[in-house]
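Welcome, and thanks for taking a look at this one with us. Please load the sequence and the model, and keep both to hand as you read.

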Amino acid sequence: MNKNLISLGWVGLCLTLSVAQAACFPDSPLTRPDSRYEAANASGSEVRDKETGLVWQRCIHGLQWNGSACTGSAAAQDWATATKNAAEAKWRLPTQAELEGLAEKSCADPALNQTWFGTGPHGWVWTSTDLGSAEGAVVVHSGSSLIANLVKKFPLFVRWVR
C-alpha cells in the first residue's frame, strides 16, 4: 500500500499523518455502512449518525470539507485547549465509547467509514474520558482503532461531536 507519511514526535509519541486507501476484509460486511450516516448540514461538513443521533465533524479539527475531501492543515491540540475550543464553538470532545462507535471493524488504516470520515489524517484523537486521572485521557487511533491513555499535554487530533 502506498502512503505519504509525515511523523511529528513528542517524547516518544508519534502523531502520524497518512493518506491511504483503507484495507478492508473482503468477506466481512461493513459494521458502519454508508446508510448509517447522513449529512447534518447543507455543506456536508457535519455528519449525523442515524443510530446514535450524534452529529460529528466530518473532518479532523482544523481541516475543512470542500465537498469531496477534507483539506487544509489539521490542528493538533493539547486536551485542555481542545476541550476549551470545543465548548466555545458549542461542540464537545466525544467520550471513549462515542469515538470507538465510529470504528469500522471490517477495515483498517483508516478504521473509519470511507465515504463519511475517510479523508484526512490518521492518528490519535482525544476523548473526554479520563479514567480517573487528572493528568491523562483516553485516545483512539483513527487508523487502527487502538486505544491508549496519554498525558493531556500532548498535542493530538480532535474530532468534535454534539
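## Aromatic pairs

Keep in mind that this is a predicted model. Searching the whole structure turns up 2 aromatic pairs. In one of them, Tyr 37 and Phe 117, the ring centres are 5.3 Å apart and the planes meet at 85°, so this pair is edge-to-face; the cut-off for that label is over 60 degrees.

Where do the two partners sit? Tyr 37 belongs to strand β4 (residues 37-39), while Phe 117 belongs to helix α3 (residues 114-117), so their pairing ties together parts that are 80 residues apart in sequence. Tyr 37 is buried, with a relative accessible area of 3%, and Phe 117 is buried too, at 2%.

## Charges over rings

Over the ring of Trp 65 sits the charged end of Arg 58, 3.8 Å from the ring centre.

For Trp 79, the charge comes from Lys 152: its charged end sits over the ring, 3.8 Å from the centre.

Gln 96 is found in helix α2, which covers residues 96-100. Is Gln 96 buried or exposed? Its relative accessible area is 19%, and buried means under 20%, so Gln 96 counts as buried.

Which residues does Gln 96 touch, leaving aside neighbours within four places in sequence? Its contacts are Thr 127, Thr 129, Val 138 and Ile 147.

Terms used
Residues are numbered from 1 along each chain as its sequence is written. This is a predicted model: local features need pLDDT of at least 70, side-chain atom pairs count only at pLDDT 80 or more; totals for chains, interfaces and linings use all residues. Side-chain values use heavy atoms; hydrogens and water are left out. Helices (H or I, at least four residues) and strands (E, at least two) are DSSP runs, numbered from the N terminus. Buried means under 20% relative accessible area, exposed over 50%, partly exposed in between (1.4 Å probe, protein chains only). Contact means heavy atoms within 4.5 Å. Rings of Phe, Tyr and Trp (its six-membered ring) pair if their centres lie within 6.5 Å; planes under 30 degrees apart count as stacked, over 60 as edge-to-face and the rest as tilted. A charge sits over a ring if NZ of Lys or CZ of Arg is within 6 Å of the ring centre and within 35 degrees of the ring normal.
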